Structure formats: structure tokens, C-alpha cells
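I opened the notebook to look up core packing, pockets, strand pairing and backbone angles, and I put down each entry with the cut-offs behind it.

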Amino acid sequence: MKSIRIGTRNSALALWQAREVARHLQNSNYITEIVPIVSSGDKNLNQPLYSLGITGVFTRDLDTALLNDEIDIAVHSLKDVPTKLPENIELIAYLERDYPQDVLIRKEASKTKEFHELKLATSSLRRRAFWLKYYPEAVFSDIRGNIQTRLQKLEDQDFDATILSLAGIKRMKMDTEYEMMPFMIPAPSQGVVAVAGHSDKKEINEILRTINHKETQICVEIERNFLSTLEGGCTAPIGAFAEIIENQIRFKAALCSLDGKNCISTDENFEYNETENFGEKFAKVVLENGGKELMTEIKGSL
């Protein structure tokens with residue numbers, strides 16, 4: 001077989017993800033080639049994602065390249081991938097999840113401030129809403145860009161702290177102090193590298209399945225099914241996290257209003273079986289307990 005063309009965004013973190021997939025494939029003696037592609041989401045760093053009014057802003061250019069046979073596979077940060085994929089594109093493999101958490105990073109001058117005193121820079125509706133649930137007087141600034149850009153903005157601009165994915169900090173080997181926030185439920189499938197393929201490329205897809213981490217797949221499919229049942233793209237404050245603990249799965253999730261005042265949460269322990277759609281099941285419970293009205297309210301506010 002000729003080399004497998006791996007499509008990726010061209011940010012440092014995205015290239016790390018692509019190299020990680022390449023490493024797994026090379027360990028099985030496959031030749032790979034990385035093909036960087038500039039995505040629409042990387043071109044516009046001035047507007048928060050929710051104001052762009054589209055889902056898949058970080059994936060559609062890679063989708064196009066995949067459909068046009070410019071690449072054989074596309075590597076994504078799974079939390080950026082919409083729950084509804086274009087025709088003929090499917091998620092084939094998931095690498096083992098490493099760090100699902102969000103972390104708080106402060107500038108030096110704000111080290112002694114209490115959480116409720118911090119002026120936060122984040123454009124994520126989820127991070128804002130979950131923070132507001134506990135600190136309702138919080139003031140926010142918008143921030144976009146890669147990790148290095150955000151940390152530079154933190155130093156240069158008038159806010160105290162920002163919230164980032166721990167996976168990005170660890171993968172970039174950044175020597176940055178951070179604080180854990182147990183109340184901040186991660187975005188569905190945060191911390192997971194996923195590989196998408198074209199449904200017609202059967203041989204390559206079979207190769208990809210050999211690097212799939214099954215436990216990670218089980219967890220993120222529950223999270224993504226929860227998200228899709230709530231009909232929330234990246235524009236709704238939804239957190240969801242599943243993990244396998246011994247023979248059970250623990251699933252924590254929440255849907256919050258934009259101001260954080262109304263949060264509908266679920267925390268379940270259950271034995272997994274392949275026949276039941278647990279993400280859909282728990283999302284329906286949330287919808288029946290006020291989630292439907294809350295989603296309508298959120299959509300009407302954006």
C-alpha cells in the first residue's frame with residue numbers, strides 16, 4: 001500500500017495529534033504522510049465560535065479534503081467534531097483518552113485572588129455557564145486562538161485568568177501552573193483524538209480499526225449520544241463525561257442556562273451493554289426534567 005495521507009489542521013496541537021496517529025500506524029509498519037490544511041476556524045480568531053453560527057467550523061475543510069480524495073484520513077480533536085457527520089464520512093478510530101479536564105491558569109498578578117474575584121477570559125459558553133453557577137458575579141472577556149496565543153493574551157490583556165483543556169497543556173509539554181476545577185464538567189469527548197475516514201476506503205478503514213481504543217470509544221459514544229439527543233452543538237452549555245471504573249461506567253453530565261442559574265445534571269453508575277443507548281437514555285431524562293424548555297431558551301438567546 002502507498003503511504004496513508006493524514007489530514008490535519010496546521011496548529012501545533014493538531015500536528016501533535018496527527019503525529020500521534022502516524023506513530024500508531026507506523027508501529028504497525030504502515031507508511032504515513034501528514035498533510036496540513038488551514039481550517040476556517042483558525043482563520044477567524046476575532047469572533048467566539050458560537051457567534052459564527054455554524055457547527056463543524058474546525059472540521060469542514062478536512063471533510064472537504066477527505067471527500068475530494070486529497071487525504072485518506074482526517075485527524076481531529078473529537079470535541080470539535082459535530083455529532084452529525086457529512087455523508088460518506090465516519091469516525092473510525094479513537095486513541096486512548098489522556099486528560100479530559102479543564103484547568104484554570106492565572107497570570108502572576110492574580111495568584112492571590114479568590115475564584116469569585118477573577119475576571120475570566122473564555123469564549124466557551126459551557127465554561128462560562130458552569131463558572132457562573134458558582135460565581136454568578138463573574139466578568140468575562142472573549143478569547144480565541146491556540147494555547148500559545150491565549151497564554152500570551154493572558155499576559156498582555158486586562159483579565160486575571162483563562163480556562164484551557166489540560167490535554168493541550170500536557171501534549172505541548174508546557175511548563176504552566178494550573179489549578180483543577182472539580183465543578184467544571186468537560187465538553188463531551190474532550191481529551192480524545194479521533195480519526196475520520198471515507199466510507200468507500202474499506203482497506204484503510206480496516207487498518208484504522210487496529211489502532212482503536214475500545215474503552216475510550218465506549219465512553220465518548222455515550223457522551224456524544226447525550227449531546228446529540230439534547231440537540232446541542234458547540235452553542236449550548238453542555239458537559240458530559242463517562243469513565244469506566246472496574247466493571248461499571250460512571251457518567252456525569254449537565255445542561256446549564258447561559259447565566260448558570262438553571263443547571264439540570266445527572267450522575268449515574270451502571271453496567272454497560274452494547275444494546276442500550278445510554279447517552280440517549282440519560283439525555284431524555286434531562287429533557288423531561290426541564291431540559292427541553294432550557295434548550296429552547298438557549299437557542300432563542302444566541
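I looked up the contacts of Phe226 (heavy atoms within 4.5 Å) and, not counting residues up to four places away in sequence, found that Phe226 touches Ile238, Gly239, Ala240, Phe251, Ala253, Thr266, Gly279, Glu280, Phe282, Ala283 and Val286. I note that this is a predicted model, in which local features need pLDDT of at least 70 and side-chain atom pairs count only at pLDDT 80 or more, while totals for chains, interfaces and linings use all residues. Residues are numbered from 1 along each chain as its sequence is written, and side-chain values use heavy atoms, with hydrogens and water left out.

Of its 23 residues, Ile222, Phe226, Leu230, Ile238, Phe251, Leu255 and Phe270 touch the most other members. Two or more residues each come from helix H9 (214-230), E11, E12, strand E13 (263-270) and helix H10 (278-301), helices (H or I, at least four residues) and strands (E, at least two) being DSSP runs numbered from the N terminus. The most, seven residues, come from H10. A second, separate core has 18 residues, among them Leu104, Trp131, Leu132 and Ala254.

A pocket here is an open set of points on a 1 Å grid over the protein atoms alone where a 1.4 Å probe fits, with protein on both sides within 12 Å along at least five of seven lines, and lining residues have an atom within 4 Å of a point. Of the 13 lining residues, Gln101, Pro182, Met184, Pro186 and Phe241 are the closest to the centre, and strands E11 (238-245) and E12 (248-256) each give two or more residues to the lining.

Lastly I asked which residues other than glycine have a positive phi, and noted Glu246, with phi near 55 degrees. Glu246 sits in the loop between E11 and E12 and counts as exposed at 75% relative accessibility. Asn29 also has a positive phi, of about 70 degrees; Asn29 lies in the loop between helix H1 (12-27) and strand E2 (32-37) and is exposed, with a relative accessible area of 71%.

Definitions and conventions. A nonpolar core is a set of buried Ala, Val, Leu, Ile, Met, Phe, Trp, Tyr and Cys residues joined through side-chain atoms within 4.5 Å. Buried means under 20% relative accessible area, exposed over 50%, partly exposed in between (1.4 Å probe, protein chains only).
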